[in-house]
Amino acid sequence: MTSPLYLAIDTPHLDAAQTLAQKVRHHVGGLKLGLEFFCANGHHGVHEMAKVGLPIFLDLKLHDIPNTVAKAIQALRPLEPAVLTVHAAGGRAMLEEAKAVAGVGTKVVAVTVLTSLDSPDLDDIGVGGTPHDQVVRLAALAREAGLDGIVCSGHEVRSARKAWPGGFFVVPGVRPANGKAGDQKRIVTPAQALSDGASILVVGRPISQSSDPDLAAREIEATL
Ligand SMILES: O=C(O)c1cc(=O)[nH]c(=O)n1[C@@H]1O[C@H](COP(=O)(O)O)[C@@H](O)[C@H]1O
């Protein structure tokens, strides 16, 4: 069975990214390349990482007016990512445009409330209510706009899955039982996220910062 674990490769260095991916490739189901990697290495970097032979999740969290996001996604189409992120807060028209222009093989998923935010952070940006309420609201919007799924924390994935049984749920901010939270505020264990309905789990530092990344990936895999 394909592993639900996607490794977040957050480095600007292509050679370090390749070395890490080669170490863990038998124990993860895909590679997530984010802004740090893409800003430094662009299309070339993504092509190089695709040679590892795992699905590529391109996490660029696009958020702009509908026309700009649509043009950006058109420019990314040759990369044929398996998964691509946009921000749900970009609104209905932006989400619809994003899905309309993405390649058929690309799941477009909407980031709802970043896992680094909690209720006081939402107050700061003028969003009333809890992260849970906001995730449920944005998940409904993403579904109505025709997206494939959402990104949310393990705290909300159970409710989100219940409301959208066929959705694709990406859960980052997962930590092994005694793992360091770092800047993540809404964390759960990988096993909890999966049993609550996650489709894939995004794990970065617990694997990439380990002295033995392959062992760290295998240890997480063993808990699932
Ligand atoms: O879209 C994401 O992947 C994402 C959304 C979110 O709400 N929180 C979040 O942490 N992420 C990403 O998931 C990864 C988490 O990394 P670690 O905290 O090192 O496991 C990072 O690459 C983040 O960019």
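The crossing of α1 and α2 is right-handed, meaning the near helix is turned clockwise from the far one by less than a right angle, with anticlockwise counting as left-handed. This is a predicted model, where local features need pLDDT of at least 70, side-chain atom pairs count only at pLDDT 80 or more, and totals for chains, interfaces and linings use all residues. Residues are numbered from 1 along each chain as its sequence is written.

α1 and α2 are oblique to each other, going by their angle; under 35 degrees would be roughly parallel, over 145 roughly antiparallel, and 65 to 115 roughly perpendicular, with the rest oblique. α3, by contrast, packs against α4 at about 20°, which makes that pair roughly parallel. The α3–α4 crossing is right-handed too.

| Helix pair | Residues | Angle | Axis distance |
|---|---|---|---|
| α1 and α2 | 14–24 and 35–50 | about 50° | 10 Å |
| α3 and α4 | 66–76 and 92–101 | about 20° | 9 Å |

Helices here are DSSP runs (H or I, at least four residues), numbered from the N terminus. Axes are lines fitted to C-alpha atoms over the stretch in contact, and angles run from 0 to 180 degrees between N-to-C directions.

So who touches whom? In α1, Leu14, Ala17, Gln18 and Ala21 meet α2 residues including Phe37 and Met49, where contact means C-beta atoms, placed from the backbone, within 7 Å.

Over at the ligand, 17 residues sit around it, with Ala8, Thr115, Pro172, Gly204 and Arg205 coming nearest; a residue counts as near if its C-beta atom, placed from the backbone, lies within 6 Å.

Terms used
Helices (H or I, at least four residues) and strands (E, at least two) are DSSP runs, numbered from the N terminus. Two residues are in contact if their C-beta atoms, placed from the backbone, lie within 7 Å.
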